[in-house]
There are 2 protein chains.
Amino acid sequence: MPIADRVRARVIIIGAGFAGLRAAQRLSKLPVDVTVIDRKNHHTFQPLLYQVALAVLSPGDIAQPIRTILRRNRNTEVVMDEVLGIDTGARQVSLASGAVMAYDYLIVATGSTHSYFGHDDWAKVAPGLKTIEDATDIRRRVLLAFEFAERQMLETGSHPPLRFVIVGGGPTGVELAGAISDISRLYMTRDFRHIDTKAAQILIVEGSPHVLGMYPEELQKKAAEQLNALGVQIRCGAHVTDIQPGYVMVGDERIESVCTLWAAGVQASSLGKMLGVELDKKGCVLVDEHLNPKNRPEVFVCGDLAHFEQDGRQVPGVAQPAMQMGEYAATRIGLRVSHPEKAAYQKPFRYFDKGDMATIGRKAAVARIVWPFHADWSGFLAWITWMVVHIFFLIGFRNRYAVFLSWAYTYIREEDGVRLIVGSQNLPGWERLVEAEDRRAS
Amino acid sequence: MPIADRVRARVIIIGAGFAGLRAAQRLSKLPVDVTVIDRKNHHTFQPLLYQVALAVLSPGDIAQPIRTILRRNRNTEVVMDEVLGIDTGARQVSLASGAVMAYDYLIVATGSTHSYFGHDDWAKVAPGLKTIEDATDIRRRVLLAFEFAERQMLETGSHPPLRFVIVGGGPTGVELAGAISDISRLYMTRDFRHIDTKAAQILIVEGSPHVLGMYPEELQKKAAEQLNALGVQIRCGAHVTDIQPGYVMVGDERIESVCTLWAAGVQASSLGKMLGVELDKKGCVLVDEHLNPKNRPEVFVCGDLAHFEQDGRQVPGVAQPAMQMGEYAATRIGLRVSHPEKAAYQKPFRYFDKGDMATIGRKAAVARIVWPFHADWSGFLAWITWMVVHIFFLIGFRNRYAVFLSWAYTYIREEDGVRLIVGSQNLPGWERLVEAEDRRAS
């Protein structure tokens with residue numbers, strides 16, 4: 001029977017991140033009809049988002065339209081829309097535009113968002129980094145902080161200390177800290193007349209005893225050393241109790257901050273709730289060994305949104321497990337559609353851990369390599385490895401060459417390329433910073 | 001007497017467009033202190049802004065921080081601030097931050113903005129193209145129009161005609177029309193499943209009898225032919241009487257429009273008024289043969305903001321005259337500071353017209369060349385010339401190579417590179433478009 005005449009199974013994938021895209025690619029050659037739904041028109045390569053925030057890369061370098069990525073997949077269509085409800089009984093998804101779509105199999109891979117631990121008002125003062133919009137907002141705030149100091153110098157002859165506080169010492173916090181150090185120590189030094197950009201202070205506030213908690217102790221130490229060499233201060237075991245424009249409270253201590261960034265907590269996307277199944281306390285969906293929530297064998301949850309335990313630990317919410325989960329779910333759907341008798345014998349999902357990497361700054365990084373050999377690297381070698389791997393995983397030829405050339409340019413010229421402030425030209429909380437400065441001066 | 005011991009003249013330049021930057025560069029080697037004030041942190045290469053709007057280039061490709069451009073000029077400082085008032089009597093400029101700066105010489109080069117001819121409410125529905133923010137807004141609207149049509153097809157099996165209406169047939173209108181034609185006929189055709197992007201209609205509504213009014217008649221005809229070949233319709237001698245979400249009124253006729261763009265009128269920047277001198281009806285400052293307003297020999301007005309007549313015609317508001325004016329003003333300030341006796345003999349300003357160019361689309365353009373030889377070109381040759389000239393005039397090595405590579409990529413792959421929708425994912429006027437569609441369907 002030709003494929004076209006079969007009653008083909010309908011697969012809906014919600015979210016075109018690493019998990020969703022990988023699943024879509026895998027399903028492209030199977031006798032199913034695939035619909036990919038995403039709120040955005042583009043896939044974002046999140047591991048490089050911090051470089052967009054710190055003006056090394058342009059948004060277009062790390063994002064690509066989902067339609068373009070999937071356009072060769074003849075069985076796939078892309079719908080740019082927001083999911084408002086999932087009816088797992090009727091097997092239907094309802095969209096913001098009013099459309100209702102039926103599925104035989106559903107892959108939910110909508111990832112995670114920031115969690116301010118119940119202090120949602122902090123979001124305005126201390127933005128996190130998940131989307132292109134977040135990245136350009138952070139870029140605006142960091143650059144405006146320098147512009148603001150220059151203006152203050154011109155008017156009053158002094159300015160508040162250029163202190164950047166980063167809440168959270170995981171990979172994102174460490175990357176942001178290193179990148180702010182690079183920009184202030186190297187790329188902007190020649191541009192200002194009145195302020196010394198090198199005098200910028202960067203502080204990471206981390207609640208746990210170490211930065212980069214998921215890395216081996218040796219690498220944590222190396223990371224802390226490299227951060228210190230870049231002039232980044234680290235306060236571990238310290239808890240932020242309040243964030244306001246111009247300052248951060250750590251315990252009872254008030255720390256002045258011209259720009260505060262949030263890299264501390266994540267919570268699962270709200271779509272997990274719509275499934276009506278058991279969630280963990282971050283809102284992640286508890287899934288079994290086939291990535292299905294309990295009693296829902298036709299629903300797969302992949303990526304950051306899934307709570308999957310392996311060897312007694314939750315698989316981390318990063319790109320590699322997301323891709324492997326997407327691939328597993330797609331394979332399983334393929335088996336159940338074409339060879340249902342074999343599906344019962346499919347091995348359970350198992351995350352194949354190749355390792356982790358985090359950059360710290362120019363020529364500084366840590367890498368925990370598990371595959372194809374075991375090694376813990378830090379410094380220049382880890383940094384080079386990090387770059388090669390990230391260029392390799394970027395989607396699309398254009399992005400790869402654009403990022404490569406931007407990195408080469410930044411490395412050789414010691415200059416970033418896209419230091420543009422777009423959108424509002426006012427620093428958030430500007431008035432209060434001015435007031436604070438007035439008080440300080442008087 | 002060494003320069004450092006002189007009482008140096010203070011020059012303030014307001015606006016870092018083509019005129020302001022050129023003046024600053026020229027003043028960099030003269031014994032004066034220069035302050036460049038701009039609301040934005042970046043200079044925008046406006047001639048390529050439409051390519052940012054139509055997803056060929058990234059904002060970072062055509063913009064660069066003013067500080068970076070001028071960082072080698074040791075006598076120059078850059079202030080990112082907004083001018084709120086100019087006191088030409090006291091020779092002072094007051095800024096939004098509260099600072100007041102004194103000058104001996106002032107160059108005002110703040111350019112122009114859109115004019116909606118008294119219908120400022122149209123601005124929300126039909127954005128114009130002057131800034132990076134405008135460009136990303138237009139990109140969002142154009143791309144969302146296609147997304148919206150695809151979604152409508154999916155839900156109802158039909159969609160309103162994909163008609164883009166461009167008000168104004170000057171260079172910007174023609175460039176936008178051609179670029180929308182390129183994107184719909186070439187770059188997006190493989191990405192959508194339900195709509196035929198090639199069916200997009202593009203309409204230019206122009207009040208005068210011809211598009212590209214400032215060009216010789218022969219080139220106007222050639223431009224119209226090339227536009228028609230790209231599927232762009234032109235209505236000349238037609239006046240827009242209303243613009244609402246979903247439609248445009250041309251005279252009494254209602255024309256449905258999924259996306260309306262404004263390329264019709266400009267008015268001078270509001271800073272002209274602050275000088276308290278005579279303005280023309282667009283708000284441009286009437287200047288004499290030395291680019292000074294009447295009785296203000298220490299004030300120079302350059303670029304689009306200046307109304308300068310030569311051979312009975314106003315010099316056009318484009319890049320070339322702006323640069324020449326900036327250079328002239330700087331030279332004159334230099335003379336008056338160092339050789340006041342010679343200033344009286346300086347030749348009056350005269351615009352040296354090298355010609356004009358406008359692209360229409362892929363491989364289509366018109367060029368009126370006056371220097372170094374006389375020629376009227378159209379088609380492929382004009383298009384190549386346009387590209388070479390624009391690459392040459394781009395500021396900064398990085399921008400030049402980035403734009404060159406993006407163009408090469410787009411030309412060879414027939415694919416644009418940065419088709420990202422950022423910001424709100426809702427189409428402006430979306431609800432009313434949906435209503436209109438519901439009425440059409442019933």
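Which residues does the domain assignment of chain A give to domain 1, and which to domain 2? Domain 1 takes in 3-115 + 266-343, and domain 2 takes in 131-263 + 363-441; these bounds come from an automatic or database domain assignment.

Before I continue, a word on conventions. This is a predicted model, in which local features need pLDDT of at least 70 and side-chain atom pairs count only at pLDDT 80 or more, while totals for chains, interfaces and linings use all residues. Residues are numbered from 1 along each chain as its sequence is written, and chains are lettered from A and ligands numbered from 1 in the order in which they are written.

On confidence, pLDDT is the predictor's confidence in each residue, from 0 to 100. Chain A has a mean pLDDT of 92, with 95% of its residues at 70 or more. For the complex, the predictor gives an ipTM of 0.90 and a pTM of 0.93. Residues 1-5 of chain A stay under 50 in pLDDT. Where pLDDT is low, the predicted coordinates should not be read in detail.

Let me return to the two domains. Their C-alpha centres in chain A are 31 Å apart. Counting residues as in contact if their C-beta atoms, placed from the backbone, lie within 7 Å, 23 residues of domain 1 of chain A are in contact with 28 residues of domain 2 of chain A. On the domain 1 side, the largest share, 5 residues, comes from H2(A). Helices here are DSSP runs of H or I with at least four residues, strands are runs of E with at least two, and both are numbered from the N terminus. By class, that side has 16 nonpolar, 6 polar and 1 charged residues. The nonpolar class is Ala, Val, Leu, Ile, Met, Phe, Trp, Tyr, Cys and Pro, the charged class is Asp, Glu, Lys and Arg, and the others, Gly among them, count as polar.

Next, the pairing of the chains. 40 residues of chain A are in contact with 40 residues of chain B. H6(A) gives the most to the side of chain A that touches chain B, with 7 residues. That side divides into 15 nonpolar, 10 polar and 15 charged residues. Chain A is superposed on chain B by a rotation of 180° with 0.0 Å of shift along its axis, at an RMSD of 0.0 Å, which is the relation of a two-fold axis. The superposition is by least squares on the C-alpha atoms of residues with pLDDT of at least 70 in both copies. A:Ser58 comes closest to the rotation axis among the residues of chain A, its C-alpha being at 3.4 Å. Because 100% of the interface residues of chain A are also interface residues in chain B, the copies meet through the same surface.

I turn to helix H7(A). A residue is buried if 20 or more other C-beta atoms, placed from the backbone, lie within 10 Å of its own, exposed if 12 or fewer, and partly exposed in between. Of the 17 residues of H7(A), 15 are buried, so the helix is largely enclosed by the rest of the structure.

Finally, some backbone details. The peptide bond from A:Trp371 to A:Pro372 is cis, with omega near 5°, and A:Pro372 lies in the loop between strands S25 (364-369) and S26 (375-378) of chain A. A:Arg91, although not a glycine, has a positive phi of about 55°. A:Arg91 is partly exposed, with 17 other C-beta atoms within 10 Å.

Technical notes:
Two residues are in contact if their C-beta atoms, placed from the backbone, lie within 7 Å.
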